[in-house]
Amino acid sequence: MLFLVAALLLLGVVMGSVAHAPLSFTLAAAAVIGVWLVVFALRERGARRRHSSAN
């Protein structure tokens with residue numbers, strides 16, 4: 001429960017700072033996070049395929 005409260009507090013801080021950041025910076029940061037998430041998803045998918053094919 002404490003983790004959830006801390007995550008919501010952090011989300012509020014991040015959303016508050018995004019509201020004051022320039023639009024170009026916000027879009028650039030969103031693009032970087034999006035690319036990171038896609039790379040992470042592809043790596044996880046590849047790791048699961050390698051792990052499941054070995055068994």
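In the predicted model, M15 lies in helix α1, which covers residues 2–20. With a relative accessible area of 51%, M15 counts as exposed, because the threshold for that class is over 50%. M15 also belongs to a nonpolar surface patch, together with M1, L2, L4, V5, L8 and L11. The accessible area of these residues together is about 800 Å².

The protein chain contains 2 helices and 0 strands. Helix α2 comprises residues 23–54. Within this helix, W36 and F40 are 4 residues apart, and therefore about one helical turn separates them. A pair of aromatic rings is described by the distance of the centres and the angle of the planes. The count of aromatic pairs in the model is 1. The ring centres of W36 and F40 are 5.9 Å apart and the ring planes meet at 20°, so the pair is classed as stacked; the cut-off for stacking is an angle under 30 degrees. W36 is exposed, at 54% relative accessibility, whereas F40 is partly exposed, at 43%.

The overall dimensions of the chain were examined next. The C-alpha trace spans about 50 × 35 × 5 Å along its principal axes. Of the 55 residues, 0% count as buried. The accessible surface of the protein chain amounts to about 5,200 Å², and carbon and sulfur atoms account for 76% of this area.

Note on methods. Residues numbered from 1 in each chain as written. Predicted model: local features only at pLDDT ≥ 70, side-chain atom pairs only at ≥ 80, totals over all residues. Heavy atoms only, no water. Phe/Tyr/Trp six-rings, centres within 6.5 Å; stacked < 30°, edge-to-face > 60°. Buried < 20%, exposed > 50% of the residue type's maximum accessible area, 1.4 Å probe, protein only. Patch = residues over 30% accessible without salt bridge, like charges linked within 9 Å, V, L, I, M, F, W, Y side chains within 5 Å. Areas by Shrake-Rupley, 256 points an atom, 1.4 Å probe, with all protein chains shown as cover. Salt bridge = Lys/Arg side-chain N within 4 Å of Asp/Glu carboxyl O.
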